[in-house]
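Please keep the 3D view at hand as you read.

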Amino acid sequence: MATVYPLVLLIASIGFIIWLTAYKRVNAFFALLLAALGVGLLSGQPLDSIAGTLKTGFGHTMEKIGLLIILGTTLGVILERTGATLSMANRILRMVDERNAPLAIALTGFVIGFPIFCDSGFIILSGLNQSLVRKTRMPMPVMAAALATSLYAVHCLVPPHPGITAALGTMGGDVGMVMLVGLGLAIPAAAVGYGWSIWRGKTVSYDPTDAVPEPVTDEQLPSAGLSFLPVVLPIVLIAAKSLALLIVPAQQAAETLGWRLLVFVGEPVVALGVGIIASLLLIRSQHRSEVTHWLTEGVDKAGMIVAIIAGGGMFGEMLQVTGIGKSLGEALSGLPLGIFFPFLIAALLKTAQGSSTVAVITAASLVTPLLAGLGLQSPMGVTLAVLSMGAGSMVVSHANDAYFWVISRFSDLPTATMFRVYSLATIAMGVVVQLLIWGLFLVLK
C-alpha cells in the first residue's frame, strides 16, 4: 500500500494537468502550480514547507535556464525580423527535398546534440524550425518532435552530458566505452523518435497558422552564411568548451588564460549572448530604429515561456521532495530483474520528478551496491548498466520536465499534442534502447 499510493498520486497529478490544460484551457503555469500544491497536500508534506518547496522549484529552474530562454528568445526575434531564419530555410531546402525537411532538422539536432544540452539546442534551432514549417507547410508537431527527440537521444545516452557522466563517476565505468556504445544506441533511439514523430505528428489535428507567424516579407534576404553565423557560433563555442574539458583536466585548464576564456565563452548563456552580438551584423539601415523594439519583444515573448517552464520546475520539485520516485524505486530493489533493474529505477525516477540528469544520478547511487547481485559487475556489465539507466531516463518526458515545456512553448504546441506525439515518443525510444541493451547483455555476458 505504501508503494501504491505514491503511484496513484503521480498518475492523478499528471491526469489533472492534462485535464486542466487540454480540456479546460487553463494556463499551463496555474495548472502546474495547482498540481504541485495538490501533491504536497495529499502526500502529507508539512504545511509550513509547501510554499518553500514551490519557491525552491521555481528558483532552481530559473537558475538553470531562465536567462538562457530570454537570450534565446531575443536571438530568435532578431533572426526572424531580419529574414535570417527564412534565408537559412531556403538554403536547407535547396540542399534537400521539401519532403525531407523533418529528416534534415532531425539530423541537425542529432549532430548539435553532442556538445550542448537538449533544451539549449532546441531554443537555438527553434527559429530555423519555424521557418522550415512555413516554407514546407509540414505540420509543426512533426518538425518539433523530430528535432526534440534527436536532441534528447544524445542527451540521455552520450557523455559528456551530465547525467550519464555523473553515473560513470559513481559506478566507475569506462568513459570511452560508454561513449562508443552510447553513440551506437543513440542512433536507433533518434530513428525511433523520428519515425514516431512522422507517424503520430501527421495524425494530430493542427493548424500551422495558429502557431507560426507570417513569414518575413523583405525584398532582399540576408546571405545564408551571415544568417547561419548567429546560430552556428554559439554551438561552436559550447562544443569547443565541452571538448576542451574532455581533453584537458579542469584544474589544468583553470591555470591558463586561454582555457579560462574558452570556458567562459563556451558557457551557454555567454555563447548565446555572443550569438546576439553576431546577429547585429544582419541589421540593415532600415532596421536600426526597430532594434530596441525587437529586444523588448524578445523579453516579452520569453516571459510566458519562462513562467510555464518554472511551473514545471515547481511540480518536479514537489514530486522530488515527496520521495515518490525513490519509494517506487526501493520497492523494486528486491526483484530479480537483471539488466532491466537499472532501466526501471531510472524510468520511475524520471517519470516522478522530471529531470533525466537527476534520474540517472539518483539511480546510480541505488544500483551501484547491487551490481554483483544483478550480474553486472564486469566492465561491460557496468557499461550496459549505465546505458540502461540512460535509456530509463528517457521515460517519460511529460509535464514535470522543463524540456517538455521548452518544446511546447517555442513551438506553440498544445499540451495534449505534446503528450500524444512527444511524450509517447520518449517511451518508445527508451523501451527500444533497453531492448537493444538486453540483447547486448545476452550476447556479451
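## Ground rules

Helices here are DSSP runs of H or I with at least four residues, strands are runs of E with at least two, and both are numbered from the N terminus. This is a predicted model, in which local features need pLDDT of at least 70 and side-chain atom pairs count only at pLDDT 80 or more, while totals for chains, interfaces and linings use all residues. Residues are numbered from 1 along each chain as its sequence is written, and side-chain values use heavy atoms, with hydrogens and water left out.

Most residues other than glycine have a negative phi, and most peptide bonds are trans. Arg137 is not a glycine, yet its phi is positive, at about 60 degrees. You will find Arg137 in the loop between α6 (118-136) and α7 (140-157).

The peptide bond from Val395 to Val396 is cis, with omega near 0 degrees. Val396 sits in the loop between α19 (379-392) and α20 (402-411).

## Helix α7 and its partners

Two packed helices are described by the angle between their axes and the distance between the axes. Axes are lines fitted to C-alpha atoms, for helices over the stretch in contact, and angles run from 0 to 180 degrees between N-to-C directions. α7 packs against α9 (residues 175-201) at about 165 degrees, with axes 8 Å apart. That makes α7 roughly antiparallel to α9 (angles over 145 degrees count as roughly antiparallel, under 35 as roughly parallel, 65 to 115 as roughly perpendicular and the rest as oblique). The crossing of α7 and α9 is right-handed, a term used if the near helix is turned clockwise from the far one by less than a right angle, with anticlockwise being left-handed. Contact means heavy atoms within 4.5 Å; among the α7 residues that meet α9 are Pro141, Val142 and Leu157. By class, this contact has 14 nonpolar, six polar and no charged residues (Ala, Val, Leu, Ile, Met, Phe, Trp, Tyr, Cys and Pro count as nonpolar, Asp, Glu, Lys and Arg as charged, and the others, Gly among them, as polar).

The axes of α7 and α20 come within 11 Å and cross at roughly 150 degrees, again in a right-handed crossing. Met140, Ala144, Leu147, Ala148, Leu151 and Tyr152 in α7 meet Tyr403, Ile407 and Ser411 in α20.

## Helices α8 and α17

For α8 (residues 162-171) and α17 (residues 356-367), the axes come within 8 Å and cross at roughly 15 degrees. The two helices are therefore roughly parallel to each other, and their crossing is right-handed. The contact of α8 with α17 has nine nonpolar, four polar and no charged residues. Those in α17 include Thr357, Val360 and Ile361.

## The largest pocket

On a 1 Å grid over the protein atoms alone, a pocket is an open set of points where a 1.4 Å probe fits, with protein on both sides within 12 Å along at least five of seven lines; lining residues have an atom within 4 Å of a point. Grid points are joined across faces, edges and corners, and a volume is the space filled by probe spheres set on the points. How much space lies in the largest pocket? About 980 Å³.

The lining has 44 residues, of which Lys64, Ile65, Phe117, Asp119 and Thr357 lie nearest the centre. Helix α3 (residues 47-81) gives the largest share, seven residues. The lining divides into 18 nonpolar, 18 polar and eight charged residues.
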